[in-house]
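Please go through the briefing below with the structure in view. It takes up one surface site, then the chain as a whole, then selected helices and a loop.

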Amino acid sequence: FLRGPRAVIAHLRELVGGEHRPVLGHNALGGWAVLVILLLVLIEVLSGLFASTFDYDGPLASLIPDAWATAMADLHASNLNLLLAVLLVHLAGVAITSALGHENLVASMIHGRKRLPAGTLALDEEISGWRGPVATVVAIVAVWVVLNLRSWHG
């Protein structure tokens, strides 16, 4: 899933040079992008739970000192901007890689299947799995839990 800097540079060179080779799963750059996005989402969720501003108190803000809760609110706001920027860059990367690499990565992200050309990684059949749909359901449940956490807390 995560590959070193040389693999990322090699992937970018192949993509720009028109020699893109489809891979099973995430390419060298995509794996790192996903890790960064997951870390930023974790920071966003945790800071939001403990954040406190003049008009909002996270469901767990009362558990920490006011100064920390204010700092969490600042982190929450700053991190959101960074998360949105990284998501936009990631989506642009998906679009560019899809176009230059002649792959439909968006469809693969939604349904969890990726069709590879014959001979790629010695796999000639369609690669399918349950992870894409399961990840979608988990994401929907996570959003629902976060949106309803405040009503459960008090």
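Leu39 is partly exposed, because its relative accessible area is 46% and that class lies between buried (under 20%) and exposed (over 50%), using a 1.4 Å probe and protein chains only. The model is predicted, so local features need pLDDT of at least 70 and side-chain atom pairs count only at pLDDT 80 or more, while totals for chains, interfaces and linings use all residues. Residues are numbered from 1 along each chain as its sequence is written, and side-chain values use heavy atoms, with hydrogens and water left out.

**Surface patch**
- Leu39 is in helix H2; helices (H or I, at least four residues) and strands (E, at least two) are DSSP runs numbered from the N terminus.
- Leu39, Leu42 and Leu46 form a nonpolar surface patch with about 270 Å² of accessible area together.
- Such patches consist of residues with over 30% relative accessible area and no salt bridge, where nonpolar side chains (Val, Leu, Ile, Met, Phe, Trp, Tyr) are joined within 5 Å and like charges within 9 Å.
- A salt bridge is a side-chain nitrogen of Lys or Arg within 4 Å of a carboxyl oxygen of Asp or Glu.
- In an α-helix, with 3.6 residues a turn, residues three or four places apart point the same way.

**Whole chain**
- The chain has five helices and zero strands.
- Of its 154 residues, 28% are buried.
- Its accessible surface is about 10600 Å², and 70% of this belongs to carbon and sulfur atoms; areas come from the Shrake-Rupley method with a 1.4 Å probe, and for residues only the protein chains shown count as cover.

**Helix H3**
- Helix H3 covers residues 66-101; at 1.5 Å a residue its 36 residues should span 52 Å, which agrees with the 51 Å between its end C-alpha atoms.
- The expected span is 1.5 Å times one less than the number of residues.
- The buried residues of H3 include Ala69, Ala73, Leu83 and Val94.
- The buried residues of H3 pack against helices H1 (5-16), H2 (28-50) and H4 (105-111), with contact meaning heavy atoms within 4.5 Å.
- His102 follows H3 and has a positive phi, near 55°.

**Loop between H2 and H3**
- Ser52 is found in this loop and counts as buried because its relative accessibility is 19%.
- Not counting residues up to four places away in sequence, Ser52 touches Asp57, Ala61, Ala69, Thr70 and Ala73.

**Helix H1**
- Leu15 lies in helix H1 and counts as buried at 7% relative accessibility.
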